[in-house]
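Here's a quick tour for anyone opening this model for the first time. Have the sequence and the 3D view side by side as you read.

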Amino acid sequence: MNAPDPKTLNDVEQIKARSRHLRGTIADGLVDPLTGAIAPDDNAVLKFHGSYQQDDRDLREERRRQKLEPAYQFMIRVRLPGGECTPAQWLALDDIAGAHANGTLRLTTRQTFQFHGIRKPHFKPAMQAIHAAGLDTIAACGDVNRNVLASANPYRSPLHAAAGALARAVSEHLLPRTNAYAEIWLDAPAVDPGTEVEPVYGPLYLPRKFKIGIAVPPDNDVDVYAQDLSFIAVEDGGQLVGWNVLVGGGMGMTHGEKATYPRLADVLGFCTPEQALAVAEQVVCVQRDFGDRTNRRHARLKYTIDDRGVDWFKAELENRLGFALAPARPFAFERNTDAFGWHEGPDGRWHYTLFVENGRVADRGARRLRTGLREIARVHRGLFALTNNQNVTIAGVEAARRAAIATLIDEYGLEREASRLRQNAMACVAMPSCALAMAESERYLPDLITRLDGVIDACGLADTPITLRMTGCPNGCARPYIAEIGLVGKAPGKYNLYLGAGFHGQRLGKLYRENIGEDAIVEALTPLLERYASERQADEHFGDFLVRAGVVPAVAAGRQFHD
Amino acid sequence: MNAPITAAHLPLTDAQAERLRTLVGELSPAQLLWVSGYLAAHAQHGGDVPATPAATAAGALTVLYGSQSGNGAKLARRLAELAQARGLAVTLTSTADYKPVRLRDERTLALIVSTHGEGEPPDSARELHEYLHGRKAPRLESLRYAVLALGDSSYQFYCQTGKDFDAAFEKQGAQRLFERVDCDIDYDDAAAAWMEQLLGRVGSAPAVRATPALTPVGGGMQYDKRNPYQAEVLENIVLNGRGSDKETRHIELAVPGLSYTPGDALGVLAQNDPRLVDELLSVLDLSAEAPVSVGGVTLPLAQALTGHLEITALTRPFLAGWAALAGADRLTALLADGNEAALRAFLDGRQIIDVVQEFALPGLEADAFVGLLRRLPPRLYSLASSLAASPDEAHVTVAAVRYHSHGRARAGVASTWLADRVQPGDTVPVFIEANENFRLPADPQVPAIMIGPGTGVAPFRAFLQEREVQGATGQNWLFFGDRHFHTDFLYQTDWQGWLKDGLLTRMDVAFSRDQARKVYVQDRLRERGGELYAWLQSGAHVYVCGDATAMAADVHAALRDIVAAEGGLGAEAAEEYLRELARTRRYQRDIY
């Protein structure tokens with residue numbers, strides 16, 4: 001194993017090392033009355049507590065001229081393994097959005113809630129209110145295992161229930177054990193950090209973020225190929241018999257650095273239900289010990305695996321596990337999108353999946369999403385199941401209560417006429433709050449889709465599902481590199497256009513046009529959509545067609561992404 | 001270097017100006033530089049200066065970098081190491097920490113700067129970029145420079161920020177050491193070659209003598225309200241962030257030739273609102289062109305009312321005069337003995353326009369009306385800058401006064417003139433109003449406690465600028481208050497910068513409306529009573545600036561209580577302690 005040389009550790013590793021198990025000086029920063037920010041070094045530590053310091057970038061230049069510091073604010077991300085929350089929790093989170101944040105809830109691409117626009121005086125009260133709702137934000141960001149995804153809605157089948165249960169078990173098992181969270185946010189008595197032990201992570205935690213997803217075929221809504229570690233449910237006669245294990249996926253890259261690239265996960269083998277937790281822990285431990293702690297742009301598991309090989313990784317993992325993984329079982333995915341509207345579950349209960357454009361739960365005109373979901377939460381007896389596509393399922397509605405929920409859906413205008421393209425699209429938050437954004441995303445994608453819908457309708461493709469994802473920077477929160485149409489921000493109004501990815505996320509897209517604006521995006525896509533409409537084979541998806549037609553080459557592996 | 005010498009604002013006689021003009025015309029740029037330094041030294045040292053400048057050390061290099069990703073910082077560190085290895089004196093600075101005004105003093109500058117988005121500078125370099133491209137950009141004849149531009153050629157505006165700086169330096173008269181190098185994302189080789197070239201030049205090029213900045217000769221004292229200085233407006237910005245219910249302006253004026261000391265005030269000769277003048281003329285049924293006499297000069301009425309006479313504040317003499325002319329019994333009754341309370345109630349919130357409208361006087365002559373009015377007084381604003389830190393500039397902090405009364409929108413004359421009707425590029429008549437009773441400690445080691453809520457904080461910005469340039473070692477403690485932290489923290493980034501570099505020892509703030517219970521600076525003083533008393537006992541000076549009606553008294557009471565409690569004194573002895581501080585000029589107030 002590599003004992004990291006302290007001299008070569010990158011800046012963030014050194015901050016972690018000094019942080020006394022994630023305490024830093026956050027508590028002092030929260031009460032500093034001269035700034036709305038916390039200390040610069042604490043930003044890296046704060047992430048482990050489920051929050052990013054941000055600022056309103058719309059105001060940054062204006063406030064600089066006014067000799068005011070940036071409009072600092074905090075994003076808080078809830079830890080919600082499997083995306084399940086109770087109606088009471090929904091109401092509590094909605095209250096927090098109104099009392100402490102910007103009056104909206106944001107459903108994320110990782111199946112959880114985010115609050116935006118929280119100013120420092122509201123920060124700790126918001127964290128305490130989340131705790132009072134029986135939730136927390138521990139490790140929702142940071143160099144640790146993040147929120148664990150599972151195919152949405154545990155009521156859909158026993159396999160879905162098992163996926164959700166495994167998500168919760170893995171999330172709990174991989175939680176940091178430091179008392180820092182309780183001390184800083186919940187006023188718990190201080191513990192001497194010198195006496196604390198992180199049994200899985202060790203003192204430096206992981207070299208980089210770590211993402212886990214658990215899928216139930218034929219839905220790949222968790223995008224297993226984009227996760228550091230994935231489990232795919234394997235059934236026999238409707239009963240779970242185990243999990244296929246995938247490792248080494250990841251989206252993030254840096255513009256202009258070809259040593260960075262999105263990568264699809266490799267199928268490693270099969271484990272039994274009893275082995276799954278140990279597999280998760282040991283995959284994390286291998287990455288803990290071998291991940292690159294000198295260069296954060298080369299620190300994800302995908303690079304560890306590409307540098308040393310999948311065979312090496314499997315051998316190292318099995319050595320630690322003390323058993324070998326069985327050969328992977330066959331599996332087949334059909335889509336990574338959500339099915340909207342009412343569906344009946346095997347137990348006779350009903351589930352309504354609601355389209356939430358870009359995950360933003362807000363009241364806008366006649367479509368009062370926030371108020372409507374709040375009113376539903378008041379009467380609903382099942383669960384709210386957040387999907388991995390920024391939507392929400394009102395899950396587990398007894399047949400007799402379906403009409404009451406449907407009435408509320410109508411009353412608040414929740415069901416929206418949206419094109420297939422819009423329904424299957426995702427955008428990250430980006431401007432004005434995300435510090436990494438180079439271009440608009442959530443605020444802009446709806447307008448671009450309106451324009452593209454015109455082209456798609458003219459081509460007669462209105463009923464054909466096509467995945468479209470946009471991010472404001474190359475880090476890939478909305479997983480754009482595995483969307484059939486991927487748009488990645490480079491500068492205000494300018495995007496890289498990636499094409500040819502697989503419909504269920506099984507193939508990476510290829511850079512087709514670089515640094516182009518809206519007109520050029522529409523001009524590039526229009527002839528391709530026209531050709532697709534006239535030349536496609538039966539049931540052929542757009543991405544598959546573009547590869548077959550030779551418009552873009554198939555990208556089989558991350559290392560070929562820039563070729 | 002051919003700025004014309006015009007007589008308009010020079011502290012010189014015509015004959016002196018002519019001789020200077022002749023001499024300047026004969027000198028080469030190098031000679032001009034030398035003469036400027038010689039004259040400045042002459043002014044400072046009373047004439048005892050040898051006419052042969054001493055040579056200064058060659059090869060001092062400033063490496064300045066502005067970058068978002070850290071690549072620029074990395075390259076800058078490498079260059080600094082290489083230069084040091086060759087025995088050069090190197091100053092390595094990020095644009096984030098670089099005060100633009102320092103550019104005037106640079107001699108050899110290596111700039112490494114990246115470009116972002118649509119040709120924009122990195123955040124940390126925006127201020128410098130804006131400064132060099134704005135009307136405050138200094139002449140840089142004594143600067144030699146080289147630029148390494150970092151960029152990504154897949155963008156349309158490749159290396160634009162580097163190009164901008166290169167062009168701006170050249171435009172300001174600086175000498176380019178060699179052609180700028182533009183680097184793509186694979187910058188290593190190009191950057192290394194640039195460094196080699198730079199180090200080759202810096203080692204061998206002849207040193208330019210470091211000349212002291214020209215300090216203004218003569219004072220501002222020859223300017224007064226009768227003979228104001230015409231100052232160009234450089235900047236006029238609102239300091240309050242969006243959503244604030246206040247409007248506080250930061251105004252920067254160009255005042256070359258004017259001199260002042262921190263603590264002084266700037267007198268501003270404002271203009272009345274032309275809409276109010278029109279309204280008065282309409283109500284009085286008078287012609288804008290009617291000739292009237294003001295101070296022995298004949299002017300059209302509208303001009304007199306706009307620029308020379310007070311037409312807002314309602315005074316007792318005006319009221320008496322108007323009552324007599326109009327035969328208004330009700331007004332006359334109000335002015336009678338015994339009706340003081342009723343008069344006060346009447347005056348409250350009313351202005352001249354209300355009276356002339358309510359008590360109409362048809363057929364009034366223009367001269368008769370003007371005869372009732374007093375001269376428009378100048379408004380004084382505490383200076384928020386130090387000439388040492390902001391050469392040739394005067395900054396003021398102005399709260400725009402706006403309110404409603406008796407069904408009308410009212411506006412403070414000078415504050416809203418500055419806020420609404422004066423733009424950068426316009427000229428404002430000003431003069432310096434010296435205030436010897438508001439001065440920094442003469443001894444730079446003496447600590448200073450500064451209490452300035454709202455616009456009262458203005459002179460403390462001047463004090464700290466001055467102490468920074470002086471290198472004063474005395475500790476500084478600032479108390480500031482306003483309504484909301486988020487929008488009303490006036491000059492927040494200035495204070496943060498000085499706290500970071502230690503000039504400002506500590507700062508306490510009170511934002512009255514950020515919580516249910518209102519808190520003010522006097523509450524913060526009381527909370528810090530023990531330490532505050534210790535500062536006083538160690539010789540600190542106390543300065544209070546701002547509102548005279550409530551704040552000054554509340555702060556005084558807090559100081560008295562602190563002295564009583566911490567010093568074990570009775571109330572009267574504590575008052576005497578403060579009186580003694582005032583007698584020894586250690587307790588100074590600038591309240592209004």
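Predicted model: local features only at pLDDT ≥ 70, side-chain atom pairs only at ≥ 80, totals over all residues.

Residues are numbered from 1 along each chain as its sequence is written, while chains are lettered from A and ligands numbered from 1 in the order in which they are written.

**Where the chains touch**

- The contact draws 19 residues from chain A and 23 residues from chain B; two residues are in contact if their C-beta atoms, placed from the backbone, lie within 7 Å.
- On the chain A side, the elements giving two or more residues are α4 (60–65) and β22 (510–516). Helices here are DSSP runs of H or I with at least four residues, strands are runs of E with at least two, and both are numbered from the N terminus.
- The top contributor on that side is α4(A), with three residues.
- By type, the chain A side splits into seven nonpolar, five polar and seven charged residues. Ala, Val, Leu, Ile, Met, Phe, Trp, Tyr, Cys and Pro count as nonpolar, Asp, Glu, Lys and Arg as charged, and the others, Gly among them, as polar.

**Cis peptide bonds in chain A**

- A:Pro217 and A:Pro218 are joined by a cis peptide bond, with omega about 10°. Look for A:Pro218 in the loop between β7 (212–215) and β8 (229–236) of chain A.
- A:Met431 and A:Pro432 are also linked by a cis peptide bond, with omega about 0°. A:Pro432 sits in the loop between β18 (425–427) and α15 (445–458) of chain A.

**Positive phi angles**

- A:Arg479 isn't a glycine, yet its phi is positive, about 55°. You'll find A:Arg479 in the loop between β19 (468–471) and β20 (485–491) of chain A.
- A:Arg479 counts as buried because it has 27 C-beta neighbours inside 10 Å. Buried takes 20 or more other C-beta atoms within 10 Å of a residue's own, exposed 12 or fewer, and partly exposed is in between, with C-beta atoms placed from the backbone.
- B:Asp392, another non-glycine, has a positive phi of about 65° and lies in the loop between β12 (379–382) and β13 (393–399) of chain B.
- With 17 C-beta neighbours inside 10 Å, B:Asp392 counts as partly exposed.

**A helix in chain B**

- Just after α21(B), B:Arg585 takes a positive phi of about 60°.
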